[in-house]
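Open the model in your viewer and keep the selection tool at hand. We will walk through it stop by stop.

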Amino acid sequence: MTVLAVQGLKKVYPSPGQPLCVLNNVEFELRSGDRVAILGPSGSGKSTLLNIIGGLDQPTEGRVVVDGQVVSEMPERELSRYRNRTVGFVFQDHHLLPQCTVLENVLVPCLASGSPQQDDVNWALALLDRVGLKDRVWHRPGELSGGERQRVAIARALIRRPALILADEPTGNLDRSTGEQVAQLLVELHQEQNNILIVVTHSEHLAGVIGKQCRLENGQLRWENV
Ligand SMILES: Nc1ncnc2c1ncn2[C@@H]1O[C@H](COP(=O)(O)OP(=O)(O)OP(=O)(O)O)[C@@H](O)[C@H]1O
Ligand SMILES: [Mg+2]
């Protein structure tokens, strides 16, 4: 069981005029099996929030605590491990390596601890089967459709069985029906893996597929339908 606690989170960016307060006392707690969609206008701080939770950015005040450990206080080695093991990121523009095959792309997170083991390869193939890409493992990203690339990115995010899946507009580039399939897949894998799933989306419809929703506006997170 993993517990994610976001406590009194504040993020202020310096700017030539007034400092820009993007997050202002954001607080919530999620545990394994929880999933939530975060909605909010462009520039409201959704990516900033995900990046802070994922250990890619530092808060100005407050903290993110995962299983009793404060992310912003982790020494560098532990932070790398946290990013690699505990967190699975799905980016909007998927960040796949163009020169690598689909299978190699999924295995990239395993390279942090040496070369991938047979177990990793088996799990990668199982995940690719799960996301409907069994017949595409030797393709390169340039030979895939947008939805297929996004599904590779999902498989890659799950390869280390992370406790926390952070997806930043994972369906942003997709048509509605492909987007819906990708969101459905995230939910199914979330249920199988019993992780914490946080999905940032602009689409009310996709937020509905995820279930529980909250809205980030003026630095504050407002929970809906809870
Ligand atoms: N490094 C930075 N320095 C200064 N301001 C920044 C920086 N990064 C982000 N911002 C500002 O913080 C605000 C929030 O950015 P963020 O990327 O979190 O928004 P978002 O909700 O993800 O928006 P979108 O829906 O467009 O992706 C924006 O107004 C942006 O200009
Ligand atoms: Mg964003």
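In which sense do strand E3 and strand E9 pair, and over how many bridges? Select residues 35-39 (E3) and 213-217 (E9): the two strands pair in the parallel sense over three bridges. Helices (H or I, at least four residues) and strands (E, at least two) are DSSP runs, numbered from the N terminus, and two strands pair if DSSP finds at least two bridges between them. Within this pair, Ala37 stands opposite Gln213 in E9.

Some notes before moving on. This is a predicted model, in which local features need pLDDT of at least 70 and side-chain atom pairs count only at pLDDT 80 or more, while totals for chains, interfaces and linings use all residues. Residues are numbered from 1 along each chain as its sequence is written, and side-chain values use heavy atoms, with hydrogens and water left out.

**The six-stranded sheet**

Now widen the selection to the open sheet, whose six strands follow the order E6-E7-E8-E3-E9-E10 with mixed pairing. Strand E6 (87-90) and strand E10 (220-224) are at the edges with a single partner strand each, so one side of each has no neighbour in the sheet.

Next, pick helix H1 (residues 46-53), which lies across E3, E6, E7 (164-168), E8 (196-200) and E9. H1 runs at about 155° to E7; angles run from 0 to 180 degrees between N-to-C directions, and axes are lines fitted to C-alpha atoms, for helices over the stretch in contact.

**Two helices side by side**

Select H5 (residues 146-158) and H6 (residues 176-193): they pack at an angle of about 15°, with their axes 10 Å apart. That makes H5 roughly parallel to H6 (angles under 35 degrees count as roughly parallel, over 145 as roughly antiparallel, 65 to 115 as roughly perpendicular and the rest as oblique). Show side chains where they meet: Gly147 and Ile154 are among the H5 residues, and Val182 and Leu186 among those of H6. Contact here means heavy atoms within 4.5 Å.

Move to the open sheet with the order E2-E1-E4-E5, where pairing is antiparallel. Two bridges join E4 (residues 61-66) to E5, and Val65 stands opposite Val70 in E5.

Last stop: select Phe28 and Trp223, an edge-to-face aromatic pair with 5.8 Å centre to centre and 65° between the planes. Rings of Phe, Tyr and Trp (its six-membered ring) pair if their centres lie within 6.5 Å; planes under 30 degrees apart count as stacked, over 60 as edge-to-face and the rest as tilted. Phe28 is in strand E2 (residues 20-31) and Trp223 in strand E10, 195 residues apart.

Key:
Chains are lettered from A and ligands numbered from 1 in the order in which they are written.
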